Each structure stands twice: as structure tokens, then as C-alpha cells.
Amino acid sequence: MMKKMSIPTSKTSLVLFLCQIISALDVPLDSKLLEELSQPPTITQQSPKDYIVDPRENIVIQCEAKGKPPPSFSWTRNGTHFEIDKDAQVTMKPNSGTLVINIMNGGKAEAYEGVYQCTARNERGAAISNNIVIRPSRSPLWTKEKLEPNHVREGDSLVLHCRPPVGLPPPIIFWMDNAFQRLPQSERVSQGLNGDLYFSNVQPEDTREDYICYARFNHTQTIQQKQPISVKVFSMDSLNDTIAANLSDTDIYGAKPVTERQPVLLTPTGSTSTKVELRGNVLLLECIAAGLPTPVIRWIKEGGELPANRTFFENFKKTLKIIDVSEADSGNYKCIARNTLGSVHHVISVTVKAAPYWLTAPRNLVLSPGEDGTLICRANGNPKPSISWLANGVPIAIAPEDPSRKVDGDTIIFSHVQERSSAVYQCNASNEYGYLLANAFVNVLAEPPRILTPANKLYQVIADSPALLDCAYFGSPKPEIEWFKGVKGSILRGNEYVFHDNGTLEIPVAQKNSAGTYTCVARNELGKVQNEVHLEIKDPTMIIKQPEYKVIQRYGHVSFECIIKHDSTLLPTVTWLKDNDELPDDERFLVGKDNLTIMNVTDKDDGTYTCIVNTTLDSVSASAVLTVVAQPNPPFDLELTGQLERSIDLSWIPGDENNSPITNFVIEYEDALHEPGVWHYQTEVPGTQTTVQLKLSPYVNYSFRVIAVNKIGRSQPSEPSEQYLTKSASPDENPANVQGIGSEPDNLVITWEPLKGFQSNGPGLQYKVSWRQKDVDDEWTSVIVANVSKYIVSGTPTFVPYEVKVQALNDLGYAPEPSEVIGHSGEDLPMVAPGNVQVHVINSTLAKVHWDPVPLKTVRGHLQGYKVYYWKVQSLSRRSRRHVEKKILTFRGNKTFGMLPGLEPYSSYKLNVRVVNGKGEGPASPDKAFNTPEGVPSSPSFLKITNPTLDSLTLEWGSPTHPNGVLISYTLKFQPINNTHELGPLVEIRIPANESSLILKNLNYSTRYKFYFNAQTAVGSGSQITEEAVTIMDEGKMAMASRQVDIATQGWFIGLMCAVALLILILLIVCFIRRNKGGKYPVKEKEDAHADPEIQPMKEDDGTFGEYSDAEDHKPLKKGSRTPSDRTVKKEDSDDSLVDYGEGVNGQFNEDGSFIGQYSGKKEKEPAEGNESSEAPSPVNAMNSFV
């Protein structure tokens, strides 16, 4: 089949050859330049060498060429000039060499068969096309023939010949029936390469009358049909009487049944054959054999291997196909046909020849006057092709002489060429299998320099990347190129630049200082030209927060970040890919400004996600893998093998682990006989194991299922396995947890845990219950009961030991002998109380009690311990009785003493002791009375301070809620608190226990005091209660203090104010010099800011002191705080430290306690006048107040 040469047809195709490697000049692909330069012709498109045409359509013989000036075209036919103008059926397309032969308007295709060649010529030379052989396609009819029916014996071989008519090109053969259905083919029946249908052995089903061979001629789109062929297959059993009558006593009549036969080759025949194929073609070798059973074909290459990746087997291995064959594929190929009776082989000797093929095709030359060059034409083939040269379509031997040209075999050498040396040369390489023809021109040009790169072109590159500044140029002779930077820059040299032959300036690592204007200068002997370009350097695009590897459970949410940094003048675009492809069109994928979020992740979301950031200058990307994990899929294909009475093997196939390795498998079983629908744990195995041997129990109808487990969780259970029923047997074990415990004093209740259904090992499960009194009875008493869990033995003595055992049995026998357990008959209440109860009082809140143990026989049960009942009768201090609340302490085991904590001091108590067994408590011992000694009292119930005067305060208090003994006195301690939070001397006063109030005299006026008050018994002092109070201020003193406060008339104060005024004046002068404006200093506001906000007036309506309370003892007195209005302090209140009280009082009070003073607003306090003091009175004065 002839092939069509593919040649470019674009506008720039003319110079595809110009841009190939040449010795002197390259012509750039610039359309404007190409229009101006003279060019010899170049063939750009032509019809294939072997051109088969449809005889019903017009014949179009293509020939297109380019050149400057445009070439003219002429044709030869069968070696002589073709007069196109003289044939009315032939026209040439305008501006083209393509011929159109009009067949559809009366022309005959057969009249135009022949060899055509096109020539394209202009003033610089002539190019020629290949020899184009024109042949019309043919699709002749089948010759009529008489086809006899084929009568074949079953098992024999058969060949149905097709013998299609010879067409151009050869037809495609196929076999069909009358219904246009292709006949089925197999190893037994198949079509050969020649179109025949081969039967290795016929079978009765091969009988039919419509074996039809079809030939399809693709060029004419026609199908020719051979007459149907009839095949009748006879078997020995189907020979009828008619055949017997017609063929009496023949070989067929009475023949033996079908017998097997060893292989025999149907094609090719003989033991050897030869095959020649051309390099690059497809090699097809065929072997078809007859035989019964149907032979199997195998192919080998003697002394070598069949070529990998190029070898294919077709037609049920009857055809060996090797594509793109080469000389290395030559050799002997053996096909071997084999069946059970033997084998046969055939050797095909393959020789690979080669039509000419290029080693070095000649390439166009563009030279300057006076330059040298060469044309090289090298080809290979088998046999080796001969090389011949033509010049402008004429054999070079008879072409016009050129002194610059010298032919040396496959090379033409040019020296000192001139413009008249321009020509087109043809190289022809041919052997007996074909030829190659190549055109290559020599174009001699003299041109001044030209720069083809646009002027002022702007280049933008990323910092630290290469910058390539173009200076595309042309000139003949070849110009020299120089580069400059800046308006007055010097020529660029050095290692920081790379100068390419095509004029490009490369800056391998462009930096910010590389930006600027660059000038390219091109010069040759005919002139000089220059061009400026501009370079800008941009910051690189970076991904500063890359997406990270994520592991997410199915149906979760996941987000990938992609935060970027880029040059402010570049506009980036961010694209997300999944597995290097676009994201799925799914609303679950949410693309944000700098992230990708996937909602409700599924298994199909597993993969690699890539963030790609593109600008016009650079591109960066970062990827991360998303692994979606989930519970494993359930195992499947459970299989039971190795069934034994007590074991079985279970195997399974694991389901998908869903990206989380399976750690283990859990095997469960169901007993359909005893507990249908209930699954029990059987065992588990590691995740690498897929088979296990399971232990079985008798009389169980087993089904098994498997559950896979990974870190995420458990899979769904597998489908259950098939059921397996084990045989019955006697029980292997007896009931567990056997006990003998009486519920009444005269019985013994024997209990046990019944066997589970699969433990019964068979039908008819029962229990044999046996018992005997320990150390009394020798014989066992036994009873057989149904499948229950309890049996009661009546009429037993109270709490005596018994030996008990329970044995399982079923219809097949007894379980092994059970072990014995010790039980006891029922308990009764203890008979006696503990004796010799003694109490030892340790302190006021703790006592120790002793008792003698009761005899064990009187316990009449399991001794559990002793209980001590105790209760408070009365307090010894008040002698008042109250509701009796008994308390109980239990002491486990056989203890004979115990501690009684939490007693109240100075109280009368009683107690008794009782023994306890499993039935209950025994009788109580006689009550034992004891008293607790005194303790320290609680704090007084309240402390009130009333009737404040200038020098006295009245104190009232209540006795302790819990005196815990006999009160002997009270202790009062007090001390003053001055204005600076300092504590004065502490004064202590002892007060008789029968007092409930006290007047303190000779106190300082307007002074705060803190009081500490507690009660005492003979044991010691109790906890104290605290309180504070203030005496009233004297009016006369207040007036004096007021005068002291007015210091505006004092001399020292006036002097101080003058100094301040002078300082302010100096500051104003300085500010004036600096031309700055001054501002008033807010003296008054600043002084007001320092005013003490904590001083608050006393209540004017009742003259009482303000309230004060504190949560802890010895804590600072809170500023502005006051005692409660009723002068009481709860007993929970604690003493306060006087150190942390607020500042001294600047306000002044009238005698009735009303506030009359004003805050002075001064930062410093003034000293008090006269003999006034804020200190507390001396202890002597304090004592005198009681006189």
C-alpha cells in the first residue's frame, strides 16, 4: 500500500529547511524577512510515490513549492515533457503545480496511468518531486465456477478455498453466512492469511450450505461475493441405509468410529520455507495444522528470543506478528503444532531486506559570497543503495559547470561561492527495493545586518533566575553582535554574561541591579544596526504556608492551606489539582482565597492535592497527600475446612483496610441449636492471619463470623459461615460456683451456676446433687434434679458444716467427678451478750471500750463482728436532758475493743455491746455509763459595744454556746489603733464568770480601739471574739484643729509660695524664648486627686459608730468599714491585725457623733496642738476605770 508524504503547508514552511544545521548562516523564521530574501524553490507538498486512484473520480496529483521569486511548474510523464496545455482534460491549479485530471467528464483513468514528476523553477534553481506512479484501483468480479458439495468424514481436516480476484489494492477477505453473520472461528476453525478457511478437524455442527467468502475493495468501496460452499459432515453412527446401498462394501460403509490423529501442517507445506520482508514493515508468519484433538501452536526463534514489546500472536497463536522489523529480526522461526498424539514443526527462514533510508539527508545551505560549504547525502539499505547527484533536476555530470563545486561521492564541496552558485541539488539513493530523493538548495546572499527583535521590547524576569534578552538578527556575511548596558555603558564582557550564537544575551542569575536598558549592536562589512530592550526584575512567587499531609476519617472535614507571597506588580492565580487533574465538580470542594476545604470526605477523595500558583513570569506548586481512613470493610468468603469432632479450620479473605492497617480479627460464633440469633466471642487473631483453628464443643450447631479491627474501629460482621453441627458427648465439665448456705436454721440451700447450652454436650442435661454432714456422715445423700440451679435440703441441725458436690449428666453419661465444697446449714441469732464491758476515757472527746468475746458455739452462725451502741445522756454543765440519739460503731471480726471518737466534753454517756452473725444481732450487754472530762469553751455568743463617750465605752456579752465545763472567768484584751495604722500597747483584763457587761473608762477621745474577748474553764481558754469601737471627739479640740488647718497666714507658707512663684516665672521666660506656649499647672486638681476618699461621716441620726466587719483575725482594718449597728460580732469572726487599718481620721465629730469637719485637701497632715495624743491610755488609767 502506497503512503502519502506529510509536508507542512504553513507560510513559514519554506524555511523549515533553512533553519537546519548549515555551515554559515541561519535564516530566522521572520515573515517580513522571508518576503524580502531571494530563495531557490523548495517542494512543500507532493502526492505519494505509489498513488492508487479511484477510477470514478478526478485524479489530483499534488505538487506545491515555495521560493522567491515564486517558482513556475512543469511536469514529465513517463520520462518525457507533459504538454498540459494540449490535453483538455488536464489543468494546473493557479499559483501551484498541482494537476487535476478530469475523469468525471468523460476521461478514462486507465489512459493516465504512468510515472509523473513535477519541477518547480525560479531564477535561483529548480526542485523536482518524486516519481509519482499513477494507477487506478481495480475490483474485478469472481470468475464463475461450479462448486461441488464437500462431503467430509467427522474428524478429518478441511480447507475451503476463497481464491479472490486480483485487485488493486488487494481486497480484505472475510467469511459469512447467508444472514451476513460472521462465521465463528476458534483454534479448530480459522481463516488463513490467504483468505482460505481451515478446519483442523470437522465436527457434525460444521454441516451447512452457506459458507460464503467475501472480498472488500476499500478504494472503490465495493464487496464481491463468492458462491456459497456446502459442507456435509458424516459420522459413523449416522450412516443410513441409503448410503449403505449406494456405497456397499466400501471403506466408508462399516468404517470404524472416529479415531484421533497426530498433527499435520495444512500451511505451509513441507518442513522448511523462506520469507523476505522489508525493514520497518510488519512480519507475518503463519502455521495452521490438522489433527484430532485440535493441535496447539507454539512459536520459537532458533538461536534467539522473540523480540519483546514487538511480538504479538494472532488467530489463536497460528499467526506470529512482529512489528517494525529490522535486520536483527532475520533468522529461523519454528512453529510447533502439538496434540496428545504427537507434534510436527516447520522452520521459516526470514530475511529482512531494506529499501534505502537516510543516515544523513542533505540540508539547505545559505552562504555569503566567498564562503565554503558542503552538501552531504548518506543513506543505507539492504542491499546498500547507490548515490547519484542532480543539479536543478539535471544529472550533475551534464549540468552546467560551476568552478566552486566539487563532487566527492556522497558529498558536494563548495569553495569561495559567488551569487551565481545558487542552485537546487537533488540526491537520489536507490536499490532494488526503492529509492529516496531529496532536494537541498545552495543560496548565496549578500545582505547588510538586520535586527529582527522589536525595538524597546520589555523583558520581565524573576529575581535569581536566568534572563534571556533577544537580538534576532540576519545578515550576509554573518554579523558580529555586541551588547551594552545603559545609555553610555561599555561593552558587556565577563563571566556574569553568556553570549549565544543567535545574538541572545543571557544573564544566568538576574539580580535587582540587573534591571535597566540594554543595547544590541549588529555589524558586518555591509553595515551596522542597533536596538534597545528593557529588563525588569520581579520578586519570586513563594508559598509561605504549604499544604500538609492529612489523615482524616471518612465523612469528616479537612482543609489544606496555601498562603502565598508574590511581587506586587504581578497578579497570581491559584489552582488546585487532585492527582494532577482538575478538582471534581462537587459542591463539597470549597476553594477559598488561600485554602481548599473538603466537606464530608469520602474514600474517593483520597489522593494528592496540589496548589499551583501561576503568574505571567513564574509558577510554584506544593502538594500534600490526603489519606482517608475508616473502619475496615467486613471480611468475606468464609470457608470451613478440616472438620473434626472438637476442632475446625476457618479461613476468610480480608476486606479493604481503608488506609488503616487491620490489627486483629475477632471471631464470633452462634449456636443455632441452643441460642439462635445470639453471637458469642470465640477468639481473635492478629491482622496478618487469615485462618485459624477453632476448638469446638459437642452438640452445638455452629456458625461463625469474622470482624476486622483497625485503629479507627471495628468493621461490620462478615456474612455467617455455613453451619456445622458437632456430635453429642457426655459433659466435659461440672457446674461452677457451687455453694451450700442455709436460708433457715433447719435447712441447707445448695446452689450452682447451670451449664450453658453449648456446655451440655448433648440432650437431657441434669444434675446429681450430693451432700453429707462433715465429720459425721460417711455416706453421701444424692438426688438427680432437672436443669435447675438450686436444691433445698430440709431438717438439718442449725449451722453445722456439710460437704456438697454437684455433677452434670446428660443422655450420653456423666461429667467427670466434681470437687467437694464446704457449706453450712442455716444460721440463728446469737444466744449470749458480750461480758465484762469496760470503758477507758482517754480525753474529753475520745474513749476506748473493751469486752470479752462470746463463745463461738453461742454465735450459731458466721461471726461477723461486734456492734457498740452509745448515746449521750446529758451535759454535766447544764444538767438538762435531751432527746437520746444512739450511735452505732461496728467492729469486724473477732475484735474485743474499739475506739469511740467525737464525744462531747463534760457529758454523761452510756453504751452496750452486741455480737453479730449472718442472721442478725444477739442480746445487748448491760448498759455501761461513763463521763467525759471538761474541755475549753466555745467563743462567747456575742460582744456588743454601746454608749460611746469622750473617754469610755460599754461592753456587753453573752456566755458561750458550748461551755464544755464550768466557766471560771472571761479575758478582755484591747489596744488603740492610731492614724498611721500602728497598734498601741495591749491591755488585758480578767472578768468574773458571772459578769455580762463592763464599762471601760479613762479612754482617749476620738480613738479607735480593738477588743479581743474569750472565756475560760479549768482546762483553758476558748476561742476569742473581736470587736472595734471609737470614742467621741471633744468640740473644743475640734476648733483648735480648725485653726491649725488654716496655714495661709503662716510665714513659712508665704515664703514657700514665693519660691514657687519665682520658679514658675523662670519657666515662663524659658518657654517664651523657645516660642512655646505655657499652660497652667492644675495644682488644685492634683491636690484634689490626693484627697483621702476613705473618710466617711458617721450616722447623724443616732450618733452611733459606723459598721466594721472582718473575715479573718489579724487582718487590716478596711478603709471606711464599720462594725454592725447592733455592736455584735458573730463567733465565726476572727481577730484582725491592727497594722493594716486605714489612715487616721481627719474629719471631726460633735459630742453626739455628727460629722462637722472638712477634709483639708492637703497632702501632708499637720501636727496636733497641746497635749492631745492618739495613743491608748496607760494600763494604770485603764485599771482605774473599774474603781
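How many disulfides does the count come to in this protein? The model is a predicted one, and within it the count comes to 6 disulfides. A disulfide is a covalent bond between the sulfur atoms of two cysteines. When the bonded cysteines are counted along the chain, the pattern reads 1-2, 3-4, 5-6, 7-8, 9-10, 11-12. Three of these links are set out below, each with its sulfur separation and its torsion about the S-S bond.

| Disulfide | S to S distance | Torsion about S-S | Handedness |
|---|---|---|---|
| C63 and C118 | 2.0 Å | -75 degrees | left-handed |
| C162 and C213 | 1.9 Å | -70 degrees | left-handed |
| C562 and C611 | 1.9 Å | about -65 degrees | left-handed |

The link of C63 and C118, left-handed at -75 degrees about the S-S bond, connects distant parts of the chain, with C63 in strand β4 (residues 63–68) and C118 in strand β9 (residues 114–122), 55 residues apart. Both of these cysteines, C63 and C118, are buried.

C162 and C213 form a disulfide with their sulfur atoms 1.9 Å apart. Because C162 lies in the loop between β13 (158–160) and β14 (172–176), while C213 belongs to strand β17 (residues 208–217), the pair ties together parts that are 51 residues apart in sequence. C162 is buried, and C213 is buried as well.

For C562 and C611, the torsion about the S-S bond is about -65 degrees, so this disulfide is left-handed. Here C562 sits in the loop between β49 (558–561) and β50 (563–565) and C611 in strand β55 (residues 607–614), so the pair ties together parts that are 49 residues apart in sequence. C562 is buried, with a relative accessible area of 1%, and C611 is likewise buried, with a relative accessible area of 0%. Two other cysteines stand in contrast to these, since C1058 counts as partly exposed at 48% relative accessibility, and C1071 is partly exposed with a relative accessible area of 28%.

Which residues does I59 contact, leaving aside its neighbours within four places in sequence? They are V53, L99, V100, I101, I103, A109, Y112 and I134.

Strand β83 pairs with strand β80 (residues 953–960) in the antiparallel sense over 4 bridges, and L953 stands opposite L1000 of β83.

Not counting residues up to four places away in sequence, Q773 touches P797, V800, P801 and Y802.

Conventions
Residues numbered from 1 in each chain as written. Predicted model: local features only at pLDDT ≥ 70, side-chain atom pairs only at ≥ 80, totals over all residues. Heavy atoms only, no water. Contact = heavy atoms within 4.5 Å. Disulfide = S-S within 2.5 Å. Helix = DSSP H or I, 4+ residues; strand = E, 2+ residues; numbered from the N terminus. Buried < 20%, exposed > 50% of the residue type's maximum accessible area, 1.4 Å probe, protein only. Pairing = 2+ DSSP bridges.
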